[in-house]
Amino acid sequence: MNKRFFFKSRGAAPGTIIYEGDTPPTDTNISCYAFDANKVTQLDSLSDDNTFKWIRISGLSDSTRILDFIKPFDINSLTLEDIFETYHNPKFDDTFDYNFIIIRSINFSNNMQDNQISLIAMDNTLITFEEFECEEFNIVLQRLFKHVNNFYKRGINYLVYALIDAVIDNYITILNNINLAVDNLEDTMAEDITHPCDTSELFHLKRKVNFLSRHTRASYDVVSQLLRLSMENNNLQDETSIVPYYEDLFEHSLYLNEAMQYCKDSIRSVYDENMSRLQMKSNKFINILTMLSTLMLPPMVVGGIFGMNFEVIPFSSNPHGFAISIAAMFGISFVLALLFKKKKYF
């Protein structure tokens, strides 16, 4: 993942619409879907009927085309600024005319990549803006074409729920895969209690968790605000109430944050255990070097004694003096080795 440096274009006034993203801009694609109790219809242009509509805009490179298309909806310029500056954390704004939501979709297939998704929910229209096409939204779109009754009965709020729920479910899937990778590392370490694991893989998992955690905490706040708003505006006794769905989504986001903390603790535990094993391996190597130095010390002492510049040195005139000195060197070293073995130093 490349480092991301964000700054507002120099000299631009608040509300200036400038696309600023960390990914190459993709072609702008605008789709409009109208749905009722029986079917979903893809429209070629906007109509003035009372059917619920989902306007999906993917790719923000052609800002002029996008602004011309959504001009009838009278969206605030500050909101549009947040949409085109694609580095915002998930957030929720409740305005007089619409609800504005920012969430982030995450993809780890090739590299750590996130996709800012903005939603503007009105009475009978939902407008979504995607930095690039979101796979989770494609799944919801397939559900729309297969079974649309729930979407029609509960209106735009249910469609907003379905889209955010798809993103949260993807978070959970990614986190489960990371937990599985951490468990595999723990199993590998359990098979050989002296062998450390692959540190590069461990750090890669840690980066993934930190990258995911940055979005899950803010997403939890967004879901809690949506739940509170739905409870204020819906009758809980109504069978078409959206509240139970947002309560379920809130539980998912709560579980996600708790599971995220557990995953961080697991990675930290594996990291500490791995560092302990690396330290033990280093200490073992140092112990071997120390023992070898100790075993070589007697030959050095004996050799140093017989190498002194004195006229009278024991065994210097003995024809077997050399053999005696060699035997003394290795004999003392052998005795020391037996002593170390008995003490279980190696």
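Select α6 and α7 (residues 321–342). The crossing of these two helices, α6 and α7, is right-handed; a crossing takes that name if the near helix is turned clockwise from the far one by less than a right angle, and is left-handed if anticlockwise. α6 and α7 pack at about 155 degrees, with their axes 9 Å apart. Axes here are lines fitted to C-alpha atoms, for helices over the stretch in contact, and angles run from 0 to 180 degrees between N-to-C directions. α6 and α7 are therefore roughly antiparallel to each other (angles over 145 degrees; under 35 is roughly parallel, 65 to 115 roughly perpendicular, the rest oblique).

The model is predicted: local features need pLDDT of at least 70 and side-chain atom pairs pLDDT 80 or more, while totals for chains, interfaces and linings use all residues. Residues are numbered from 1 along each chain as its sequence is written, and side-chain values use heavy atoms, without hydrogens and water.

The crossing of α5 and α6 is left-handed. Their contact holds 22 nonpolar, nine polar and four charged residues (nonpolar: Ala, Val, Leu, Ile, Met, Phe, Trp, Tyr, Cys and Pro; charged: Asp, Glu, Lys and Arg; polar: the others, Gly among them).

Next, select Asn99, Met122, Asp123, Asn157 and Asn233, which lie nearest the centre of the largest pocket. A pocket is an open set of points on a 1 Å grid over the protein atoms alone, where a 1.4 Å probe fits, with protein on both sides within 12 Å along at least five of seven lines; lining residues have an atom within 4 Å of a point. The volume is about 410 Å³, taken as the space filled by probe spheres set on the points. The lining has 25 residues: 13 nonpolar, seven polar and five charged. β5 (99–107), α4 (149–191) and α5 each give two or more residues to this lining, and α4 has the largest share, seven.

Then go to Asp74, in the loop between α1 (63–70) and α2 (77–84). Its phi is near 55 degrees, a positive value in a residue other than glycine. Most residues other than glycine have a negative phi. Asp74 is exposed, at 61% relative accessibility (over 50%; buried is under 20%, partly exposed in between, with a 1.4 Å probe and protein chains only).

Finally, show the whole chain: seven helices and seven strands (DSSP runs, H or I of at least four residues for helices and E of at least two for strands, numbered from the N terminus). Of its 346 residues, 41% are buried.
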